[in-house]
Amino acid sequence: MSAPKVKYTKIFIDNNWVDARSGKTFDTYNPHDGSVIAKVAEGDKADIDLAVAAAKRAFHRNSEWRLMDAAERCKVINKFGDLLLRDAEYLAQLESYNNGMVLNFARHFIAMNVDHIRYIASLADKIQGDTIPARGDLFTYTLKQPIGVCGLILPWNGPIVMFTWKVCAALAAGCTVVVKPAEQTPLTALALAALLAEAGVPPGVVNVVPGFGPGAGSSLTHHPDVAKISFTGSVEVGKLIQQAAGASNLKRVTLELGGKSPLVIMDDADLNKAVPYAAQAIFSHQGQICIAASRLFVHSKIYDEFVKKAVEYAKTIKIGNPCEPTTQHGPQVDTEMMTKILGYIEKGKKEGAKLLAGGKRVGNTGCYIEPTVFADVTDDMTIAKEEIFGPVQSILKFDTLEEVIDRANNTNYGLAAGIFTNNVENVLQFSKHVEAGTVWVNTYMEFGPQAPFGGFKESGIGRENGINGVEAYLEVKTVAINMSKKL
Ligand code: NAP
Ligand code: MG
């Protein structure tokens, strides 16, 4: 594959491409070989101020956007879906080039995204309130109204998916937005901004300011005219965002902050299914997925057999340039993440886990790490407690469902969980008691745009997707009208 052409590297405000006020740029890289792909405008407070002002103008009650019929918003979002489909191959290549996402995975994500857009678009003209019986002659109803200017702060691990989920939900609700993509992966967010303008989104409704967390990101979270932040990323930054909201204007905050998700394999599970699912649940996208099944609990009766098969599976995964169509396993996003993950692998070895596959960097260029399998992992080990965000499968042993539910819940995270079993009682008990926003049974990582997604505990606040995902961009207003004939 030849390198995809980079068409957009500037800041996008009011449907125009502009340089940073400071004139600064930063390099963006290809994680396959560490080469510089492009210089991108580095937005900072001054640029965020301009973008928020544009979004505020676009949110004025007499603006084109606010006066647009909801059914028309639905058409605009759907048109964006058509354009995403038209440019799907180019966007998949750009995602792979800038992020290291395996090309086939990027293609699959984009196809899923188009379905997602169709579903969210269909909600735009179904936002409706209630009429409420109140005190006899007090005619009471609710209006659901867009919150206002929203700041959307994106992670690097799924740049197109995260942009689409957040922007489309905000647009369906009628909000306007300023997007801050992750520093590692600004390119597809800029390409998508161009598609939104082509789809007919009026100027100022969607603005994109690439830059760094402490500059552009922090300015957005402290801005007095931003009514809500939706963020996906680390717990550490999620907490800073809540503090910024508290220190400024109590803006609404929704957070999706990753996890240490348990996947439980009971002794009656079909191993021909459970082994590949468990592997894909941790190795897909090189482990850089918030819902990765990074604690794999296997029943003691089948433990040895499972571990043997898991190791065999990991060794079959084809590592290579993510832009090649046959590659299954590409590089980590950058050197910093690669170094961090290799550090976790060293800790795993030192703390007594048994390394049975992988464990090393691949070659000397690019950010590649072998799919790695550790057995005999115990709950107190660092690799069983912290989010690694890399291709490291940690296999733990358990004896009873009661025990494993307690151990699965013994974490500050609560994003996802899974169980493989053919026993309905196991399914009902586990799905009821495990502390997680999503529970998968005899599958893992399967999504539909209709289902709410988010975390318990420190994995986040609020939900994305489904009807709840659009409601997260709405305020409820109660109107009470005195119908009494008496004075
Ligand atoms: P991160 O720092 O939380 O980055 C997420 C986004 O927040 C980026 O756009 C980032 O900008 C921005 N940001 C950073 N500091 C900010 C601040 N003070 N105010 C406002 N925005 C700020 O995550 P990371 O450094 O990319 O990755 C670190 C760890 O986070 C990973 O190892 C992984 O464990 C976790 N993570 C989780 C998810 C998830 O899906 N939940 C996704 C990515 C990472 P910059 O790009 O400039 O940092
Ligand atoms: Mg960061």
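Which residue has a polar side-chain atom 2.6 Å from an oxygen atom of ligand 1? The residue is W156.

## Basis of the model

The model is predicted, so local features require pLDDT of at least 70 and side-chain atom pairs pLDDT 80 or more, whereas totals for chains, interfaces and linings use all residues. Residues are numbered from 1 along each chain as its sequence is written, chains are lettered from A and ligands numbered from 1 in the order in which they are written, and side-chain values use heavy atoms, with hydrogens and water left out.

For N157, the distance from a side-chain N or O atom to a ligand oxygen is 3.4 Å. A polar contact here is a pair of N or O atoms within 3.5 Å. Ligand 1 taken alone exposes 860 Å², of which the protein buries 89% (Shrake-Rupley method, 1.4 Å probe).

## Composition of the shell

The shell around ligand 1 holds 28 residues, the closest being L154, W156, E183, S234 and E387; a residue is counted when one of its heavy atoms lies within 4 Å. By class, 14 are nonpolar, 9 polar and 5 charged, with Gly counted as polar and Asp, Glu, Lys and Arg as charged.

At least two shell residues come from each of α8 (213–222), β10 (228–232), α9 (235–247) and α12 (335–350). The most, 3 residues, come from α8. Helices (H or I, at least four residues) and strands (E, at least two) are DSSP runs, numbered from the N terminus.

## Domain arrangement

Ligand 1 lies between domain 1 (11–257) and domain 2 (262–441), because both give residues to its shell. These bounds come from an automatic or database domain assignment. The domain centres, taken over C-alpha atoms, are 31 Å apart.

Contact (heavy atoms within 4.5 Å) links 20 residues of domain 1 with 27 of domain 2. The two domains bury about 1800 Å² between them, 61% of it on carbon and sulfur atoms; this is the accessible area (1.4 Å probe) lost on being put together, summed over both. H32, V102 and W156 supply 32% of the area that domain 1 buries against domain 2, more than any other three residues.

Methods: A polar contact is a pair of N or O atoms within 3.5 Å; within protein, one must be able to donate a hydrogen and the other to accept it, and residues adjacent in sequence count only if both atoms are side-chain atoms.
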